[in-house]
Amino acid sequence: MAEEDAIVVIGLGRFGSALALELMASGSEVLGIDGDEEIVQAHNGLLTHVVRADSTKEETLRQLSVPDFSSAVVAIGGDIQANILTASLLLKLGIPNIWAKAVSDPHGEILRQIGVKHVIYPEKDMGKRVAHLVRGVMQDYIEIDENFALVKTNPPQEIIGVPLGKSSVRTIHGITVTAFNRPGKGWSYTTLDTTLEADDVILIAGDVRKVESFSRLR
């Protein structure tokens with residue numbers, strides 16, 4: 001394994017496993033580490049390498065050549081102490097890119113305080129995403145930042161058949177229609193001359209509340 005081009009995923013629970021397998025599918029080499037022998041066996045042959053090991057032991061991580069990797073993900077969720085200790089060791093070993101899963105805001109704050117730059121909240125983020133999908137008529141929702149989101153939805157009647165440049169959608173609704181997907185033609189960027197049809201799917205960007213409100217228009 002070329003460590004400089006590979007990623008270490010520590011903790012192969014639901015989140016860690018899904019992440020590791022997706023990384024493999026996208027062409028990355030993955031070293032998976034978990035303390036449960038059954039989990040390790042279940043991933044044997046699915047990842048580039050998978051080992052049973054205690055990630056809270058510095059010597060163990062060194063024996064696995066973890067310091068040679070440029071990216072690591074701490075996906076441990078059930079044991080917060082092990083999560084924090086592992087992240088701390090990865091920082092000590094000088095790994096440039098460290099991503100760590102947090103199960104709560106206080107947990108995430110501790111990770112940031114010890115120096116982890118990329119803190120992720122899988123359950124929290126998915127909960128927020130599903131909540132927005134349930135409340136609106138969106139087909140998909142991605143929150144880019146606390147107050148900015150991308151939403152996939154259908155165009156409301158008021159902008160169908162009208163060039164976007166003349167619809168005043170940004171002035172009236174405070175959102176931007178960035179792209180559209182026409183059946184049989186695929187995705188295209190919008191221009192001021194783009195005229196949307198009822199069967200189109202659009203991608204809109206803007207303030208969270210504004211994109212949600214716009215997605216409810218019929």
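Is Arg216 buried, exposed or partly exposed? At 41% relative accessibility, Arg216 counts as partly exposed, where buried means under 20% relative accessible area, exposed over 50%, and partly exposed in between (1.4 Å probe, protein chains only).

1. Basis. This is a predicted model, in which local features need pLDDT of at least 70 and side-chain atom pairs count only at pLDDT 80 or more, while totals for chains, interfaces and linings use all residues. Residues are numbered from 1 along each chain as its sequence is written, and side-chain values use heavy atoms, with hydrogens and water left out.

2. Arg216 and Glu212. The side chains of Arg216 and Glu212 form a salt bridge at 2.9 Å, N to O; the term means a side-chain nitrogen of Lys or Arg within 4 Å of a carboxyl oxygen of Asp or Glu. Glu212 is buried, with a relative accessible area of 5%, whereas Arg216 is partly exposed. By this rule the count comes to eight salt bridges.

3. Helix α3. Helices (H or I, at least four residues) and strands (E, at least two) are DSSP runs, numbered from the N terminus. Arg62 and Glu58 both lie in helix α3 (residues 58-63), four residues apart, or about one turn of the helix. Their side chains meet in a salt bridge of 2.9 Å, N to O. Both are partly exposed: Arg62 has 42% relative accessibility and Glu58 has 22%. A network of salt bridges links Glu58, Arg62 and Lys92.

4. Helices α5 and α6. A salt bridge joins the side chains of Asp105 and Lys124 (2.8 Å, N to O). This pair links distant parts of the chain, with Asp105 in helix α5 and Lys124 in helix α6 (residues 122-135), 19 residues apart. Asp105 is partly exposed at 45% relative accessibility, and Lys124 is partly exposed at 40%.

5. His107. Helix α5 (residues 105-114) also holds His107, which is buried at 3% relative accessible area. Leaving aside neighbours within four places in sequence, His107 is in contact (heavy atoms within 4.5 Å) with Ile80, Asn83, Ile84, Lys101 and Ala102.

6. Strand β11. Five of the seven residues of strand β11 (residues 201-207) are buried, so β11 is largely enclosed by the rest of the structure. Strands pair if DSSP finds at least two bridges between them. Strand β8 (residues 148-153) pairs with β11 in the antiparallel sense over six bridges, and Thr153 has Ile202 of β11 as its bridge partner. Strand β9 (residues 175-182) also pairs with β11 in the antiparallel sense, over six bridges; here Ala179 stands opposite Leu203 in β11.
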